Each structure stands twice: as C-alpha cells, then as structure tokens.
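Me: I would like to learn how to read a protein model, feature by feature. Can we start with the strands and then go to the helices?

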Amino acid sequence: MKGRYILNMPSFSSNKPITWHLIKDYNFKVNIWRAQFNAGKEGHLLIEVDAAEKDLQRGLKFLRQEGIQVVPLNRKIK
C-alpha cells in the first residue's frame, strides 16, 4: 500500500532514527518529500511510503507510540 503522511514530531523524538526503524523493522520504502526541523523544537516530515498492509499498520503504530502525530495527507488538504 502507498500513502503520504505528515509526521509532526515533538522535540524529544527529533534525534531518533525514525525512518531507519521504518525501513529496517517494518519494511517501509520511504520517500521524504519535505523535512523541516528546528533545533530543540518540533519537526515536520512529509513522506510517501510503500509497505504491505500489515507492515504499514505496525509502522504507523510505532510512530504513534514514539509520540509522533501521523496525519494522512488526504485529511490535511481539503
């Protein structure tokens, strides 16, 4: 399944290898479209992912457990 997501990351998660975990642990193919991080503050990633349905759900759950807000792109644009 393919999807685009905006990841709103709190400052405490900006130093973690989040995309590495998505690739290695959840078999995601990740394309980063845009990234914006401020030192010591929150960051935002616009990513496109491709993963099997089961892996996608597990990976999104991982992100939420890390305190990252996951916003499907189709919900952000109206």
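Me: Which residue takes a positive phi in the hairpin of β2 and β3, and how many residues lie between the strands?

Reply: First, the ground rules. This is a predicted model, where local features need pLDDT of at least 70, side-chain atom pairs count only at pLDDT 80 or more, and totals for chains, interfaces and linings use all residues. Residues are numbered from 1 along each chain as its sequence is written, and side-chain values use heavy atoms, with hydrogens and water left out. Helices (H or I, at least four residues) and strands (E, at least two) are DSSP runs, numbered from the N terminus. Now the hairpin: five residues sit between β2 and β3, and G40 has a positive phi near 75°.

Me: What is the strand order of the sheet?

Reply: Start with pairing: two strands pair if DSSP finds at least two bridges between them. Here four strands form an open sheet in the order β2-β3-β1-β4, with antiparallel pairing. β2 and β4 (69–72) are the edge strands, each with a single partner, so one side of each has no neighbour in the sheet. From one strand to the next, the twist averages 20°.

Me: How many bridges join β2 to β3?

Reply: Eight, and the two strands run antiparallel. β1 and β3 also pair in the antiparallel sense, over eight bridges. Some residues facing β3: R34 is opposite L46, N8 is opposite H44, and K2 is opposite D50.

Me: Which residues of β3 are on the covered face, and which on the uncovered one?

Reply: G43, L45, I47 and V49 make the covered face. H44, L46, E48 and D50 make the uncovered one.

Me: Is D50 buried, exposed or partly exposed?

Reply: D50 counts as partly exposed because its relative accessibility is 26%. D50 belongs to strand β3 (residues 43–50). Contact means heavy atoms within 4.5 Å. Leaving out residues up to four places away in sequence, D50 touches M1, K2, N27, F28 and K29.

Me: Which residues of helix α1 are buried?

Reply: In α1 (residues 18–26), they are I18, L22 and Y26. Seen down the axis, these buried residues fall within an arc of 50°, so they line one face of the helix. The arc is taken from the directions from the helix axis to the C-beta atoms. The buried residues of α1 pack against β1 (2–9), β2 (29–37) and α2 (53–65). Just after α1, N27 has a positive phi of about 60°.

Me: How do α1 and α2 cross, and at what angle?

Reply: Two packed helices are described by the angle between their axes and the distance between the axes. Axes are lines fitted to C-alpha atoms, for helices over the stretch in contact, and angles run from 0 to 180 degrees between N-to-C directions. The axes of α1 and α2 come within 10 Å and cross at roughly 150°. That makes α1 roughly antiparallel to α2. The cut-offs are under 35 degrees for roughly parallel, over 145 for roughly antiparallel, 65 to 115 for roughly perpendicular, and oblique for the rest.

Me: Which residues of α1 and α2 meet?

Reply: I18, H21, L22, D25 and Y26 in α1 meet D55, R58, G59, F62 and L63 in α2.

Technical notes. Buried < 20%, exposed > 50% of the residue type's maximum accessible area, 1.4 Å probe, protein only.
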